[in-house]
Amino acid sequence: MTTPGAALPAPAPAVNPETTQFWAATAAGRLLVKRCQDCEHLIWYPRVICPECSSLRTEWLQVSGRGSIYSYTVNHRGEGAYQGSPPFVLAYVELDEGPRVMTNIVETDDADLAVGLPVEVVFHDTGAGPALPRFRPRRS
Amino acid sequence: MTIRGKAHIAGAYEHPDRKIPDSSIAQVHAEVALGALADAGLSLRDVDAYFCAGDAPGFGPVSMADYLGLARLRYTDSTETGGSSYVAHVGHAAAAIATGKCRVALITLAGLPRSQPVPRPSASALAPEAGFEQPFGPTTVSMYALAARRHMHEYGTTSAQLAAIKVAASQHAQHNPRAMLRKPVTVDEVLDSPMISDPLHRLDCCVISDGGGALVVVAPEVAADLPRQTVKVLGHGESPKLTAGGRIDLTYTGAVWSGPRAFTEAGVTPADVDYASIYDSFTITVLQAIEDLGFCEKGKGGAFVADGALLAPHGRLPFNTDGGGLCNNHPVNRGGMTKVIEAVRQLRGEASAPVQVPDCEIALVNGNGGSLGTRSAAATLILGREDA
């Protein structure tokens, strides 16, 4: 399920043959990570090689899309696609499965933000195929 | 084999200007090169090794070598680790000299981000992480803000403690007539300055300046024949800090590895350090480095800096006595070069009188390049007075 990017810009990501499947899944509302078939490390950002054990036997794994805020900031000075944007939240979310991913927190008041806040993924359509995995405070 | 005592910094020069409207970048590289060589009592004809980083215009070290007429080069190094590059270059030059690859190494930095602002090169779309970071709008300040927030969460560090770092830098900058921000500020003034990316305020951030600097590193036998007091390279360490396959930890830097390597090679400990130049892209950069280098326990950096430890000349760890990147200058957004230069001044007894550390014998220089919010590279040097 994807929703329009609403207030935040949703610039298209750089996609390459190593990451095509990841971004295709976002368009279908699914969040993938890479899993190492040898050491079972869940790898972020996705890549062919396992940075833990050097194995090339890695596979895609769909994760729950649930996690909690590891760190966040309200940035008042956007650049690039975000230049002139109202203040927006840049964050790392620690997925329940382990990896910490860079993202934005959306659908929130700044006053609610806290390290540890439970969040869930939403997908914002970039208009170019891929959708950006962003996170909002968990509702269930 | 170590580099301890096998190379000396014989020349150091900081461009005097903070805004240079009518020069090319190559020209400023040349000005600082000549300045450092003159300081050493050498000339371009003596240089047989050249070191530069990504700020050097053109093709690696080759374009600038050609521009400068460095016809006798037998060693080049264009290690690019952002602001820590020049700290690493000193270590690399010392290693090359110690193994007989060269005798006179020139290192230059120059750039004009104030006078000739160009759009920040967008992180290359070919970087393997690009698709998973750039679309979310990370900026330099906001990524360091993520590090500051997490450090606050884990250790109770406060914005007022971070502000104490800026306050100390500003106390030093008032004695530097060339500093961009010479007026001492208070903790409250830092906290009242506009929020850029919380918890970092405008005054938690370094300045943006044109400028540059250069260093000349030479073999001991070359140093012995020079009129000028030189500075001994005692130890060097470096280390990237990576994102660990998705387990990034925002509370420490690569200095946890580069620091011990440099101390071990030099045969000294943090307690032996009389003066420290610590790259200060932001206040949080200094706080984490102080902890990582072992000047205080991990997580206690806030209390350490709030206690006046950084104030020269009599604090426990006098730092950045030129005012640093927070107040003095920050040529090309790369602070490592000016950090080495001020350490050389301290060891020669040539810092501004009110902030000169008495009997300064051992200095530490720490650089960090890249971003504390993602991947970065630390480099640490231990330098000693000529008789150290």
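In chain B, strand E9 and strand E10 (residues 362-370) run parallel and are joined by four bridges. Strands (E, at least two residues) and helices (H or I, at least four residues) are DSSP runs, numbered from the N terminus. Two strands pair if DSSP finds at least two bridges between them. The model is a predicted one, in which local features need pLDDT of at least 70 and side-chain atom pairs count only at pLDDT 80 or more, while totals for chains, interfaces and linings use all residues. Residues are numbered from 1 along each chain as its sequence is written, chains are lettered from A and ligands numbered from 1 in the order in which they are written, and side-chain values use heavy atoms, leaving out hydrogens and water.

Now step back to the sheet around that pair. Nine strands of chain B form an open sheet with mixed pairing, and their order is E3-E2-E4-E7-E1-E8-E11-E10-E9. Strand E3 (75-77) and strand E9 (275-278) of chain B are the edge strands, each pairing on one side only. From one strand to the next, the twist averages 20°.

A helix lies against this sheet. H13(B) packs on it, touching strands that include E1 (8-14), E4 (104-111) and E11 (376-385) of chain B, and the direction of H13(B) makes about 115° with that of E1(B). Contact here means heavy atoms within 4.5 Å. Axes are lines fitted to C-alpha atoms, for helices over the stretch in contact, and angles run from 0 to 180 degrees between N-to-C directions.

H13(B) has a helix partner too. Two packed helices are described by the angle between their axes and the distance between the axes. For helix H3 (residues 85-98) and helix H13 (residues 336-348) of chain B, the axes come within 6 Å and cross at roughly 60°. H3(B) is therefore oblique to H13(B); angles under 35 degrees count as roughly parallel, over 145 as roughly antiparallel, 65 to 115 as roughly perpendicular and the rest as oblique. Where do the helices meet? Tyr86(B), Val87(B) and Val90(B) of H3(B) touch Gly336(B), Met337(B) and Val340(B) of H13(B). The residues of this contact are five nonpolar, one polar and no charged. In this grouping, Ala, Val, Leu, Ile, Met, Phe, Trp, Tyr, Cys and Pro count as nonpolar, Asp, Glu, Lys and Arg as charged, and the others, Gly among them, as polar.

Another crossing involves helix H6 (residues 159-173) of chain B and H10(B), whose axes come within 9 Å and cross at roughly 100°. That makes H6(B) roughly perpendicular to H10(B). Leu162(B), Ile165(B) and Lys166(B) in H6(B) meet Thr283(B), Ile284(B), Val286(B) and Leu287(B) in H10(B). This contact has five nonpolar, one polar and one charged residues. Helix H10 (residues 283-292) of chain B is mostly covered, with 10 of its 10 residues buried. Buried means under 20% relative accessible area, exposed over 50%, and partly exposed in between (1.4 Å probe, protein chains only). After H10(B) comes Gly294(B), with a positive phi near 90°.

Let us move to chain A. Strand E5 (residues 66-75) and E6(A) run antiparallel and are joined by eight bridges; Ser68(A) has Glu94(A) in E6(A) as its bridge partner. Strand E6 (residues 88-95) of chain A has seven of its eight residues buried. Six bridges then join E6(A) to strand E7 (residues 100-105) of chain A, again an antiparallel pair. Tyr92(A) stands opposite Met102(A) in E7(A), and Leu90(A) has Asn104(A) as its bridge partner. The hairpin of E6(A) and E7(A) has four residues between the strands, and there Gly98(A) takes a positive phi near 130°.

In a regular strand the side chains alternate between the two faces of the sheet. In E7(A), both faces are covered: Arg100(A), Met102(A) and Asn104(A) are buried on one side, and Val101(A), Thr103(A) and Ile105(A) on the other.

Finally, how many disulfides does the whole structure hold? A search over all chains finds zero, where a disulfide is a pair of cysteine sulfur atoms within 2.5 Å. The sulfur of Cys39(A) has its closest cysteine sulfur in Cys50(A), 3.7 Å away, which is too far for a bond. Cys39(A) counts as partly exposed because its relative accessibility is 33%. Cys52(B) is buried, at 0% relative accessible area.
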